[in-house]
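Please examine the aromatic side chains of the following protein.

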Amino acid sequence: MSANRSTTKKNAAAKWRLGALLPLGAALSGVAFAAEPTADVTANDDQEVVLKDVKVKANRDKNTRFKADSATTGSKTEMELRDIPQSVSVVKKELIESQNAFNLRDALKNVSGLTIAAGEGGRTGDSITLRGFAASSDQYLDGVKDNGQYNRDTFFIERAEVLKGASSVLFGRGATGGVINQVAKKPTGKTGVNGNFTYGLYDFKRTAIDAETAYQDLSARLNVMYQDAGSFRDYNQTSRWGIAPSFALKITPDTDLSLNLLHQQEEGVFDYGVPMYRGRPAGVPINTFYGFTDNRMMDTDVNVATVALTHRFNADFSVKNTVRYGDYDRKYLTHLFSGAAALTGANVGTIARTQALRQNIQENVYNQTDFVYKKPLFGFNNTLMFGSEFGWEDYDFKSKDSTGVDRISVFNPFVTASVRGLANDFSGTLTTNRLTQAQYYAGYIMDQIELTPEWKLLGGTRYNVFDAQQFDRLSAAGSFSRSDAQWSPRGGLVYQPTKSQSYYFSYGNSFNPSAESLSIAASNANLPPETNNNYEIGAKLDFLNGRLSATGALFRLEKTNARVTDPNNTALQVLGGEQRTDGFELGLAGEVLPAWDVSLTYAYLDGKILKSTTTATGQVSGLLKSMQGMTSVNVPKHSGVAWTSYHLTENWELGGGVFYATDRYADSVNEAVLPGYARVDAVLAYHQKHYDVQLNVFNLGNTVYYESGQQNSALPGVPVSGQVTVNFKY
């Protein structure tokens, strides 16, 4: 929790006498004072003037707890949100702390148009759908790709930023529905320490420390976290710890060097929840486990190192070079349902299962060089951004199937340990054993020109080269290579008639090569990339002297050459499909009244497969159906979050909110449905100068709901539960 968490809700008061006045300039540099009614002045016999006690109040920071004014994700430099011609959502640490959102995916539930998905195709960790398109590989940390497979914790991040819509001009391959960028906590030059401990139901225990210090030109910050927790799901638990030191060195007045490190380890359980039955989650207690009591391993080891050197040639021209190394090691035993539950015959009421031992080891190296030039050109105020990126990614994936896995009853499961054929090492026959290597190179240029004080024009393009080679160690027939080169343009127009109004139109483009997720198949090895276009108009308005902001966006995101089955050869794919999401988003964030903060988001999404030759078997009907005309997977038509926090007094805070989503489909032919839900949470906190106590209650109504799912499985959300957090700050 932030050290100024309680003080942002108080008016600072100060008293002084004439003989002890501090220099006015020093006082004003720290806080803007608004004096109460004029103080009385008296004179004694010696004509000594005495100023009676005067109470003063500090004005609240315009940048309120839940409202952000700028972001680093919409361009290659920090920019005010009102100047970015695209929808950007910022989840600040104050909102994360208010909700006790310890996982990134929980924090991202505050983002409109974003839903949590189940990992597919061997991919695990954070899986996300954004504006109807998968965004699992569109994860970034401080603007540099962080696409390893792991469950991201929030202990070391300052905020999460989500840029929506096609954005390959900024981020290269992918970035179809948008990108998710974590902004890490960094040294501020101050000295202090925050520590907290949380205990909750289901034996949840967590502690974290955030400490920083500075000496001359060197400052350092250390974030540490440990978490050990049970679960409402049987045979589930999580043990996680992480450490994230960061350093900042001012080499010269114009040259800065930073180093940010992250190590996170986790031991957990691979669990996709309960089976689907007749196209709906089976009506069983949400704690019901269908796996094997000795087949519950999911170990993750993540190491990320980032070095950035920034130099300012002068007030108008600067360069930043960033180097990132990432190492992601994940080993796990899967448990998946195979096929639909049997509705008739000898196996009625049962479902098949599969289990496998898997390991993916990924290494990434990236280098980004970004120049920013701010100086009038041709008589117009101008911000020119240009630079280059290159990188390498190695992805080693192994899988070994267990044998002799029995079917299990859907409504009366009897779980046992695995008794035969359990895959516990990678000796013998493997199902998959391949190495994929990718290299990419890119150069970009973007320019924002102020045509008049009211009109701004943003334009740019990027040239990307993406090469991938897949080496199959089991069969030469599974080895492929692919090279793609692609232009990615972007354009936007911003109209700002006043300081509190900003209206925009934007166009963005992105591309998805066959090896985007570091896997190539015979069916798509010869295909050029899919391309996507995002058209968007929107408004960003400020109220109450900037303390409250409202946003709205109307958009169309389309993929006009989606991969579909070749009608002349079902073993191949062609770029003959079309997918589109039409929608609009609304948001409200900031301070409605003094001591009352809100964060409200809503999204309407109409995601459709407009054209397709690909077919799939319906889970309920058992019929082979075309995907054409179907609703996109994991896209609720309506979704939103309303979160509010009110300070009853200077010390007591009461808040809560609703997380809401309508039905969404878990399969491509729209027969498996995850029901809609509304979940209510609450928070009560007591604040003091050096400590806070906070109570969070989740799912007050004990609503049964499902966070994510696949064609044959659904993962239940948390039932009614609570956590108490004690935070110390010095």
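This is a predicted model: local features need pLDDT of at least 70, side-chain atom pairs count only at pLDDT 80 or more; totals for chains, interfaces and linings use all residues.

A: Residues are numbered from 1 along each chain as its sequence is written, and side-chain values use heavy atoms, with hydrogens and water left out.

Q: How many aromatic pairs does the structure hold?

A: Rings of Phe, Tyr and Trp (its six-membered ring) pair if their centres lie within 6.5 Å; planes under 30 degrees apart count as stacked, over 60 as edge-to-face and the rest as tilted. The structure holds 27 such pairs.

Q: Why is the pair of F270 and Y332 classed as it is?

A: The ring planes lie at 10°, with centres 5.8 Å apart, so F270 and Y332 are stacked. Both residues are buried (under 20% relative accessible area; exposed is over 50%, partly exposed in between, with a 1.4 Å probe and protein chains only).

Q: Which geometry do W643 and F659 show?

A: W643 and F659 form a tilted pair, 6.3 Å centre to centre with 50° between the planes. W643 is buried at a relative accessible area of 1%, and F659 is buried at 6%.

Q: Where does the charged end of K76 sit?

A: A charge sits over a ring if NZ of Lys or CZ of Arg is within 6 Å of the ring centre and within 35 degrees of the ring normal. The charged end of K76 sits over the ring of Y444, 5.3 Å from its centre; that of R152 sits over the ring of Y150, 4.3 Å from its centre.
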